[in-house]
Amino acid sequence: MTALASSLTEQKQASVSPPLWLLAELTYRCPLQCPYCSNPLNFAQTTSELTTEEWASVLRQGRETGAAQLGFSGGEPLVRQDLGELIAEARHLGYYSNLITSGLGLTKAKVDDFAQAGLDHIQVSFQSSDPDLNNAVAGSRKAFAQKLAMARAVKDAGYPMVLNFVIHRHNIHQMNDIVALCERLGADYVELATCQYYGWAFRNREGLMPSRAQLEKAEYEVNQNRARLLDEGSAMKLIFVTPDYYEERPKPCMNGWGSLFLTVAPDGTALPCHSARLLPIEFPNVRDKDLKHIWYESPGFNHYRGNSWMPEPCRSCDEKEKDFGGCRCQAFLLTGNADNADPVCSKSPHHDRILAARQAAECATASIEDLTYRNDSNSRMFFRG
């Protein structure tokens, strides 16, 4: 490298903050079949997962590039038999590590082993507070009982209990019941994450998206529970995430493209966000380039950095430093062009797509059985059974 090229590289790196959060998507395999799964629709074509040694190298490179927090995700990361080994490597490297799991495949022995290996945090997901609905969405008749048992095991092991519920039109009426369940389990943090529409969720949007009345009632109930918990001196925190489709301004997706978050997919593809591989952009692979080069130099990670790429109305908007033009994946899914302003924004020329989706949610009639599941043949057998 010439002195000039080296100087330009150093200037570019100085203008870009290092990644703080590394998401290791260890596998797309999962025993569940959730109809709102955000993994790629063609996930079954991803057969060449990174090996243990390759993942260990990714973790080392991530720390060298600046990442301090690490999420083990999937699919279901417990499918990987080397998870304990990778947790130990993460602790050795100095990460604060988090396991994001459905709880299926987890045992009390594994919880204890992971704690000994140095895992800092476990988040367990539920599909509903109702056992039958939970099991129907998950596609497993034993899912709810297993999740309850593992949530308790996580608590008993001394971890903060963090529970996640994806909220949609078929469970949004359960806010009070969900909060009551979390209280019984002794949860510390509860994320009520209203469905965001990517992957299967986008395919099932009309059957999942709540009406405005449903959303407002749910948010009211959450706020009522927050006030009650505060009055009772409870430390349990309720986090309610409003769906983008009911906002008038887009959220600052990932705090800006290539700003804080770095995702590595099961096959080694490096992405600026979990859903970005659906975009018509060539993203690098950790088998070909090191993470530092990927983060600072690759065209994929520089594609939407800053605001020079922005068309109108974003280019002239005084909020572009707050929302960064919104979500590129959402723009692509709704308009066919990821360069466009996020249609969630009321200033977007494509905002009518959002208004139409809201209107469709007002008269949607699809039942839980009508949704397309991650493994649709299994869902048909479940409902027939």
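Trainee: Why does methionine 254 count as partly exposed?

Mentor: Partly exposed is the class between buried (under 20% relative accessible area) and exposed (over 50%), with a 1.4 Å probe and protein chains only. Methionine 254 has 27% relative accessibility, so it counts as partly exposed. Please note that this is a predicted model, in which local features need pLDDT of at least 70 and side-chain atom pairs count only at pLDDT 80 or more, while totals for chains, interfaces and linings use all residues. Residues are numbered from 1 along each chain as its sequence is written, and side-chain values use heavy atoms, with hydrogens and water left out.

Trainee: Why is the contact of aspartate 188 with lysine 155 called a salt bridge?

Mentor: The term requires a side-chain nitrogen of Lys or Arg within 4 Å of a carboxyl oxygen of Asp or Glu. The closest N and O atoms of aspartate 188 and lysine 155 are 3.2 Å apart, so the pair meets the definition. The two residues are 33 residues apart, with aspartate 188 in the loop between α7 (175-185) and β6 (189-194) and lysine 155 in helix α6 (residues 143-156). Aspartate 188 is partly exposed, with a relative accessible area of 23%.

Trainee: Which residues does the network of salt bridges that share partners join?

Mentor: Arg29, Glu49, Arg80 and Asp82 are joined into one network. Within it, the side chains of aspartate 82 and arginine 80 meet at 2.8 Å, N to O, and both residues are buried.

Trainee: What is the class make-up of the lining of the largest cavity?

Mentor: It has 6 nonpolar, 2 polar and 4 charged residues. Ala, Val, Leu, Ile, Met, Phe, Trp, Tyr, Cys and Pro count as nonpolar, Asp, Glu, Lys and Arg as charged, and the others, Gly among them, as polar. Among the lining residues are Pro313, Cys314 and Lys320.

Trainee: What kind of peptide bond joins glutamate 312 and proline 313?

Mentor: The bond is cis, with omega about 5 degrees.

Methods. Helix = DSSP H or I, 4+ residues; strand = E, 2+ residues; numbered from the N terminus. 1 Å grid on protein atoms, 1.4 Å probe; cavity = no way out; pocket = protein on both sides within 12 Å on 5 of 7 lines; lining within 4 Å.
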